[in-house]
Amino acid sequence: MVASMAWINMFEGAKVVHLAKLSSDHCPLMLEFPQVLEKVQRHRVFRFEAMWVKDEQSKDVVQQAWSLDTAEGSPMFQVFEKLKHCRVSLIAWSKERFGKLASRIKEKRKRDQNIAAVCLAKLGSKFRQTTVWLEDYPVELRNVLESL
């Protein structure tokens, strides 16, 4: 079996086991890995967030990252390295500036659903008790939100 040095280093301790021939003249091979295999770190896909453009600091982050020195190489290699610097800088800046957005959005959606459920429950009971005029809705909603 042939493997590159990078593969061998990544899957250190892997073994090839030759299984018994059944009906073919070829011998099946089984690849065994050690019991504890560290997770192979996958890189997440980089996505530029449109909200970054609205923040004044983002331009400075990109300019600073773009101006960093790069290793010698072809012009295309240098552009690639500069883009990599920008990606790393923007991710670090975004975490510091905005925190974990996905979890914050999820929390706020859940909170909004809870508020909507409480409002519907309160307004539903109000409908059963008396007739409510349209101009009373905002006051009722404010009262429900303040009581949370």
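Partly exposed means a relative accessible area between the buried limit, under 20%, and the exposed limit, over 50%. Aspartate 112 is therefore partly exposed, with a relative accessible area of 41%. Keep those cut-offs in mind for the stops below. The model is predicted.

**Start with the whole chain**

Show the cartoon. The protein has six helices and two strands. Read from the N terminus, the order is α-β-β-α-α-α-α-α. Of its 148 residues, 13% count as buried. The accessible area is about 13200 Å², and carbon and sulfur atoms own 58% of it. For contacts between residues at least 6 apart in sequence, 37% join residues at least 24 apart.

**Select lysine 15**

This residue belongs to strand E1, residues 15–18. Lysine 15 is exposed, at 51% relative accessible area. Leaving out residues up to four places away in sequence, lysine 15 touches Met30, Leu31 and Glu32.

**Select the nonpolar patch**

Pick Met5, Trp7, Ile8, Val16, Leu29, Leu31 and Phe33. Together they form a nonpolar surface patch with about 600 Å² of accessible area. Which element gives the most to this patch? H1 does, with three residues. Helix H1 (5–10) and E2 each supply at least two. Next, zoom in on phenylalanine 33, in the loop between E2 and H2. Phenylalanine 33 is partly exposed, with a relative accessible area of 38%.

Center on arginine 44. It sits in the loop between strand E2 (29–32) and helix H2 (50–54). Is arginine 44 buried or exposed? It is exposed, with a relative accessible area of 80%.

**Visit the salt bridges**

A search of the whole structure finds three.

- Arginine 97 and aspartate 55: their side chains meet at 2.6 Å, N to O. Arginine 97 is in helix H4, and aspartate 55 is in the loop between H2 and helix H3 (56–66), so the pair ties together parts that are 42 residues apart in sequence. Color by accessibility here. Arginine 97 is partly exposed at 44%, whereas aspartate 55 is buried at 10%.
- Glutamate 81 and lysine 84: this salt bridge spans 3.2 Å, N to O. Both residues are in helix H4, three residues apart, so about one helical turn separates them. Glutamate 81 is buried, with a relative accessible area of 13%. Lysine 84 is partly exposed, at 32%.
- Aspartate 112 and arginine 111: the side chains meet in a salt bridge of 3.1 Å, N to O. Aspartate 112 was the opening example, at 41%. Arginine 111 is partly exposed too, with 45% relative accessible area.

**Finish at lysine 82**

Go back to helix H4, residues 75–98, and select lysine 82. How far away is the nearest side chain of opposite charge? That side chain is aspartate 69, 6.7 Å away. Lysine 82 is buried, yet has no salt bridge. A salt bridge needs a side-chain nitrogen of Lys or Arg within 4 Å of a carboxyl oxygen of Asp or Glu. Show the surrounding residues last. Setting aside residues up to four places away in sequence, lysine 82 touches Trp66, Leu68 and Thr70.

Conventions: Residues numbered from 1 in each chain as written. Predicted model: local features only at pLDDT ≥ 70, side-chain atom pairs only at ≥ 80, totals over all residues. Heavy atoms only, no water. Helix = DSSP H or I, 4+ residues; strand = E, 2+ residues; numbered from the N terminus. Buried < 20%, exposed > 50% of the residue type's maximum accessible area, 1.4 Å probe, protein only. Contact = heavy atoms within 4.5 Å. Areas by Shrake-Rupley, 256 points an atom, 1.4 Å probe, with all protein chains shown as cover. Patch = residues over 30% accessible without salt bridge, like charges linked within 9 Å, V, L, I, M, F, W, Y side chains within 5 Å. Lys, Arg positive; Asp, Glu negative; His and termini not counted.
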